[in-house]
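Subject: Structure for your review

Dear colleague,

Please find the structure below, followed by a summary of what was found in it. I would be grateful if you read the two side by side.

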Amino acid sequence: MTPVHFSFTSAFVLGLVGLAFHRTHLLSALLCLEGLMLSLFIALALWALQLEATAFSTAPMLLLAFSACEASAGLALMVATARTHGTDRLQNLNLLQC
């Protein structure tokens, strides 16, 4: 495994660990998701460059568009949660309440 592949793999794993263990605030969960998407984007772009195939060159842009949509939806949910509950702590959210 090259150092470049190791660094992107470790960035992805660190994002997963952060998402799994540091779930106190919604903002920290969203930041971990963005770190995951960023590492996937860079790895996919480098993979397309290494293969020198034009068919794979649109995949990183499609992933970037999906991650931008995911970020905007996550921020909208965070704003709505902060307005209704007063905080973005995930422990205060109860799905059984309306």
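Helices in this message are DSSP runs of H or I with at least four residues, and strands are DSSP runs of E with at least two, numbered from the N terminus. By that rule, L46 lies in helix 2.

The model is predicted: local features need pLDDT of at least 70 and side-chain atom pairs count only at pLDDT 80 or more, whereas totals for chains, interfaces and linings use all residues. Residues are numbered from 1 along each chain as its sequence is written, and side-chain values use heavy atoms, with hydrogens and water left out.

Annotated spans

An unreviewed UniProt entry places the feature "transmembrane region" at residues 6-22, 29-49 and 61-82. UniProt positions follow the numbering used here, feature names are shortened, and annotations may be inferred rather than shown by experiment. In the model, residues 6-22 are 94% helix and 0% strand, with end C-alpha atoms 23 Å apart. Residues 61-82 are 100% helix and 0% strand, and their end C-alpha atoms lie 31 Å apart.

The nonpolar patch

V4, L38, I42, L46 and L49 make a nonpolar surface patch of about 420 Å². Nonpolar side chains (Val, Leu, Ile, Met, Phe, Trp, Tyr) are joined within 5 Å, and like charges within 9 Å. Areas come from the Shrake-Rupley method with a 1.4 Å probe, and for residues only the protein chains shown count as cover.

Helix 2 (residues 26-51) gives the largest share of the patch, four residues, while V4 lies in helix 1 (residues 3-21). Buried means under 20% relative accessible area, exposed over 50%, and partly exposed in between (1.4 Å probe, protein chains only). V4 counts as partly exposed because its relative accessibility is 43%; L46 is also partly exposed, at 31%. Leaving aside neighbours within four places in sequence, L46 is in contact (heavy atoms within 4.5 Å) with V4 and F8.

Helix 3 and the segment after it

T81 is in helix 3 (residues 59-85) and is buried, with a relative accessible area of 14%. Not counting residues up to four places away in sequence, T81 touches L26, G86, T87 and L93.

R89 is found in the segment after helix 3 and is partly exposed, at 30%. With the same exclusion of residues up to four places away, R89 touches T24 and H25.

With kind regards

Terms used
Patches are made of residues with over 30% relative accessible area and no salt bridge: like charges are joined within 9 Å, nonpolar side chains (Val, Leu, Ile, Met, Phe, Trp, Tyr) within 5 Å. A salt bridge is a side-chain nitrogen of Lys or Arg within 4 Å of a carboxyl oxygen of Asp or Glu.
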